[in-house]
Amino acid sequence: MPARDRQNAYSPVKTLGTILAEVSNLDYKFALMRSIPERGRGVIARYCDFLPVNDETPIVSLGEGDTPLIHSPRLSERTGRGCDVFVKNEGVNPTGSFKDRGMTVAVSKAIERGARTLICASTGNTSASAAAYAARAGISCVVILPGGKIATGKLLQAFAYGAKIVAIDGNFDDALRIVRELGERGDFAIVNSINPDRIAGQKTAAFEIVDEIGDAPDFHLLPVGNAGNITAYWAGYGEYQARQRTSPERQSNGSTKVPAMIGFQAAGAAPIFHNQIIQKPETIASAIRIGNPASWKQARAAIAESHGAIDIVSDEEIIAAQTWLARYEGIFVEPASAAAIAGFFKCCDSNEAAYSFKKIPEQSRIVCTVTGHGLKDPDIIMQRMRELKPVPASVNDVQRAIDL
Ligand code: F0G
């Protein structure tokens, strides 16, 4: 059976019309009346008015989005001045990263256009997400990866979801160049963030933040790799601003509030910060090991228009922030995600920070997006674990071993 027909015969993929009809069930109505978020229904169902979908679009969803925005008293204390710091935990999306928000839209649209095979270049998370949504849709997926540079968990995911995996003797930038060329030949639907449907889906994270805290935050911190995510957040805040969903206060020109966007690159892979292509990017945060970001210009625009900044954090700072967040907030993220937290510490403490928080307005609200789950990339933490030698199975021996 051709992929498209198989797709249509397969019930998990519904059109928006069907989903909206389901919402009129009593249970959902009741939930909506009490303004309980439509948990688990996915970002297209929740934000269809803002997305390039119509009643006929076949929706491929795994219930992405609606991720926790966690208030952190300890990080808030770090800034002082009555500020509130929140961590937007995107690691709890279905495949463990923020990529799922964009992938549900990109894959749904690809199916609508009759695509049979997806393709992407990836540092790991995009490939895991593309492979999962392709599996859900019943079509094939090809992923092109920099050989030897993909975190174990992510590679495992792509394999488990059944993607065709090709490792190249080159980096992410080489992989993306190849994908662009193959995409142009028309055999594949590209689901990298150069596909505008990906950006459209990812902007829903900004909507969720505004919907939850009732306004745009003052500052938004996030890691930057290929620069799709900073572009997407800025688009999301811009759209909510245009629809007057954010407060008019503090803006002299009468427009409503948007945050200053502050992006962080790894010091060894920081083309936007240095304003030049990095031929051989290197960082322990393999997800953002990118020397020539596709959305470079858009990221620059987001930073300039929002009066934000781009900065760098070292691998040591990234690992320290990853450990801190796990130990003191119970949030285990992958190294690339920890760049946002390392960046936050830099803004608070360092005289070299591109944006200092030492004199930010009192009661500012700061959101740090952590982009992927720690279990995807366990190697560094594993190196630090001591060997666990079993003790005899008695209460006394166990008590001795606890040694508190
Ligand atoms: N954090 C994580 C965990 C990522 O996987 C990525 C990008 C980023 C941050 C940076 O986001 O590229 O939109 O600026 N990962 C891509 C991938 C490149 O292939 O999975 P960006």
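Entry 1, ground rules. I number residues from 1 along each chain as its sequence is written, and I leave hydrogens and water out, using heavy atoms for side-chain values. Because the model is predicted, local features need pLDDT of at least 70 and side-chain atom pairs count only at pLDDT 80 or more, while totals for chains, interfaces and linings use all residues.

I looked up which residues surround the ligand and found 20, the closest being Gly225, Asn226, Ala227, Asn229 and Thr371; a residue is near if one of its heavy atoms lies within 4 Å. Both α7 (125-137) and α12 (228-242) supply at least two residues of this shell, helices being DSSP runs of H or I with at least four residues and strands runs of E with at least two.

I found an oxygen atom of the ligand 2.8 Å from a polar side-chain atom of Ser122, and one 2.8 Å from a polar backbone atom of Thr123. For Thr126, a backbone N or O atom lies 2.8 Å from a ligand oxygen. The protein covers 98% of the 470 Å² of accessible area that the ligand has on its own, by the Shrake-Rupley method with a 1.4 Å probe.

Entry 4, the sheet. I read an open sheet of four strands in the order β7-β6-β5-β8, with parallel pairing, where strands pair if DSSP finds at least two bridges between them. β7 (164-168) and β8 (189-190) stand at the edges with a single partner strand each, so one side of each lacks a neighbour in the sheet. Strand β5 (residues 117-121) pairs with β8 over two bridges, and Ile119 stands opposite Ile190 in β8.

Technical notes
A polar contact is a pair of N or O atoms within 3.5 Å; within protein, one must be able to donate a hydrogen and the other to accept it, and residues adjacent in sequence count only if both atoms are side-chain atoms.
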